[in-house]
Amino acid sequence: MPPAAARGRLVLAGAGGALGNEVVRRLVGLGRFGSTEVLAREPIKAGLPRVSVRLVEGDDPAAWPPTTAGTAIVMFDPPRLFYQRERALWTPQPGQLPALARWLRRSGVGTLAVVMPHAQGRLPEALKRGLANLDEQALAALGFERLLIIRSAQAPAPARSGSRLEGVARWMLGIFRYMLPGSEQPVRAVKVAHLVAAALELAPPGIHVAAPQTVWEAAQGDPRAVVRDWLQR
């Protein structure tokens, strides 16, 4: 393995939540990057070797000074509110993705991996493996050497109290959720983190979109083998 200084720098946006925690643990543990910085809105102690905190002011990346990372991962998993450290981290909203990507590209980032929350049963089959909207098309036009979009099925929001009619609606939606194939169901955060790490290691230059089924397949067995098969399609 090359020395730490030769392995480049990674920046993480949305490092809170179960997914962010597992991605940090996985990538730092593998030692594939010389250093890692996580975006935060309040000062916190990172607590891991080769991990630092980058404070950002406000929610407009256009106003931020550039970073020095070559690789970036963007996640939208909300922080777990009972973790004080995670509440201090900066978590993007999906609508902020184009501005965040422009900031990353302006900073010299060449590889961008985005873990997109995928609403179960809402995306046409053809778009699960391609660019799904104008924001993603805008990302592709920014000129990243490698752009990885990983569509991870999103767990349903927790039920809230309400009227009897709302309760019936939630019950019907719950039935619909169980009718979805297994490949449309959410997988554990640690499994998504394994796929992200393998994709960053193996993906050649270009735009690569992993459908929810690919994420699910990676969770069932060897994620590296699944990623190799996905990248060859």
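A residue is termed buried under 20% relative accessible area, exposed over 50% and partly exposed in between (1.4 Å probe, protein chains only). The model is predicted, so that local features need pLDDT of at least 70 and side-chain atom pairs count only at pLDDT 80 or more, while totals for chains, interfaces and linings use all residues. Residues are numbered from 1 along each chain as its sequence is written, and side-chain values use heavy atoms, with hydrogens and water left out.

A search of the whole structure for salt bridges (a side-chain nitrogen of Lys or Arg within 4 Å of a carboxyl oxygen of Asp or Glu) gives six. Strands (E, at least two residues) and helices (H or I, at least four) are DSSP runs numbered from the N terminus. Glu37 is buried, at 5% relative accessible area, whereas Arg9 is partly exposed at 23%.

A salt bridge also forms between the side chains of Glu201 and Arg224, with an N to O distance of 2.4 Å. Glu201 is in helix H7 (residues 189-202) and Arg224 in helix H9 (residues 223-231), so parts 23 residues apart in sequence are tied together. Both residues are partly exposed, Glu201 with a relative accessibility of 37% and Arg224 with a relative accessible area of 29%. Through salt bridges with shared partners, Arg32, Glu201 and Arg224 form one network.
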